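Subject: Structure for your set

Hello,

Here is the structure I said I would pass on. My notes on it follow below the entry.

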Amino acid sequence: MASSHLLSTHDLNREDITSILDDAAAILPAHANLRNVEQSLAGRNIVLAFLEPSTRTRLSFETAAQRLGASTVLFQATGSSVEKGETLRESLRTIESMGFDAVVLRHGQNGVHREVASWSRMAVINAGEGTMQHPTQALLDAATIRERFGTIDGVKVAIVGDLRHSRVARSTADVLQKCGAEIGYCAPDALVPTDSQFANAQRLASIEACCSWADVVYLLRIQRERLAADVHIDEQAYRASYALTTAVAEAHPTIVVLHPGPVNIGVELDAAILDHSSCLVHRQVTQGVAVRMAVLQRLLHS
Ligand code: NCD
């Protein structure tokens with residue numbers, strides 16, 4: 001990672017990814033036990049600019065920064081000058097003038113992060129960008145898979161659900177493919193990606209087909225806030241072909257389950273599956289803090 005920003009998985013090669021995952025693995029035991037974490041970012045100031053809803057990503061970055069001794073401030077659209085019509089650029093320049101070292105930025109528009117990085121003195125860390133990028137999610141997914149299988153090379157991952165609108169699917173598929181995983185995908189026609197990113201991945205017909213082919217099923221939420229008004233997804237029909245129901249999971253007891261959250265229980269996943277030992281949804285969250293600590297340390301520790 002040559003740059004002082006983390007904008008896209010496309011800027012990372014396999015060595016960069018391995019090195020971040022190695023750092024995260026070294027940090028994980030101390031952070032998971034909440035002790036002996038080196039305060040390597042003491043005195044550093046990070047603004048968390050979340051201009052789209054978020055729970056786990058925001059809390060994860062905040063936790064990661066604070067465990068390294070950095071101080072964090074939250075900036076959200078609601079209750080801020082954004083509501084009074086201030087542009088993002090002016091808001092961020094104002095924040096920059098207060099002396100922040102880094103901005104962790106979530107924004108619904110593709111391209112905003114790179115634009116901010118082109119003029120800002122702050123390190124820009126992408127915490128979610130439109131439908132295109134979510135690099136730290138991809139890295140935490142890779143860390144979770146590597147921990148479980150001991151490698152990413154040759155692991156078969158089927159991504160199921162709303163790939164068309166998913167920055168997670170795009171970023172995670174990119175990182176996993178660079179590390180040697182095989183990617184399949186499965187979605188109804190209305191939610192199949194239309195860009196070229198999945199051109200080399202195989203399309204699977206149903207959740208059954210995914211569980212038979214893959215080592216990991218990676219479930220996605222239907223992102224209703226991004227669906228065009230004329231697209232209607234019938235939840236019952238969706239469940240029949242694409243949901244990991246208790247019955248499907250019982251037929252494939254060793255299948256490893258990932259999901260970036262938030263989970264729509266009863267739509268793409270049945271509640272009981274969250275308690276299975278092969279469901280790593282909560283492990284992803286734990287790995288997320290370690291991966292974000294590794295990323296922040298790399299960009300901000302001098
Ligand atoms: C995702 C996101 O916001 O991109 N969630 C997350 O960051 N863990 C996925 C989603 O919203 O469905």
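**Cores**

The largest nonpolar core holds 89 residues, and the ones with the most contacts inside it are Ile46, Val157, Ile159, Phe198, Leu244, Val257 and Leu296. Helix 10, residues 281-300, gives the most to this core, with ten residues. Another core, of 17 residues, lies apart from it; Leu88, Leu92, Leu105 and Ala117 are among its members. Please keep in mind that this is a predicted model.

Leaving aside neighbours within four places in sequence, Ile46 is in contact with Ala65, Ala70, Ser71, Thr72, Val73, Phe100, Ala102, Val104, Leu296 and Leu300. One of these partners, Leu296, is also listed with the most contacts inside the largest core.

**Overall form**

The secondary structure comes to ten helices and nine strands. The radius of gyration is 19 Å, close to the 19 Å that the globule rule gives for 302 residues, so the protein is as compact as a globular protein of that length. Along the principal axes, the C-alpha trace spans about 55 × 45 × 35 Å.

Of the 302 residues, 55% count as buried. For contacts between residues at least 6 apart in sequence, 75% join residues at least 24 apart.

**Surface and charge**

The accessible surface comes to about 12600 Å², and carbon and sulfur atoms account for 48% of that. There are 27 positive and 33 negative side chains; the centres of the two sets lie 4 Å apart.

**Individual sites**

Where is the cis peptide bond? It joins Gly261 and Pro262, with omega at about -5 degrees. Most peptide bonds are trans. Pro262 lies in the loop between strand 9, residues 256-258, and helix 10. Val257, listed above among the residues with the most contacts inside the largest core, falls within the range of strand 9.

Ile20 is found in helix 1, which covers residues 14-32. Is Ile20 buried or exposed? Its relative accessibility is 0%, so Ile20 counts as buried. Ile20 and Ile95 are 75 residues apart in sequence, and their C-alpha atoms are 28 Å apart in space.

Regards

Terms used: Residues numbered from 1 in each chain as written. Predicted model: local features only at pLDDT ≥ 70, side-chain atom pairs only at ≥ 80, totals over all residues. Heavy atoms only, no water. Helix = DSSP H or I, 4+ residues; strand = E, 2+ residues; numbered from the N terminus. Rg over C-alpha atoms; globule rule 2.2 N^0.38 Å. Buried < 20%, exposed > 50% of the residue type's maximum accessible area, 1.4 Å probe, protein only. Contact = heavy atoms within 4.5 Å. Areas by Shrake-Rupley, 256 points an atom, 1.4 Å probe, with all protein chains shown as cover. Lys, Arg positive; Asp, Glu negative; His and termini not counted. Charge placed at Lys NZ, Arg CZ, Asp CG, Glu CD. Core = buried A, V, L, I, M, F, W, Y, C linked by side-chain atoms within 4.5 Å.
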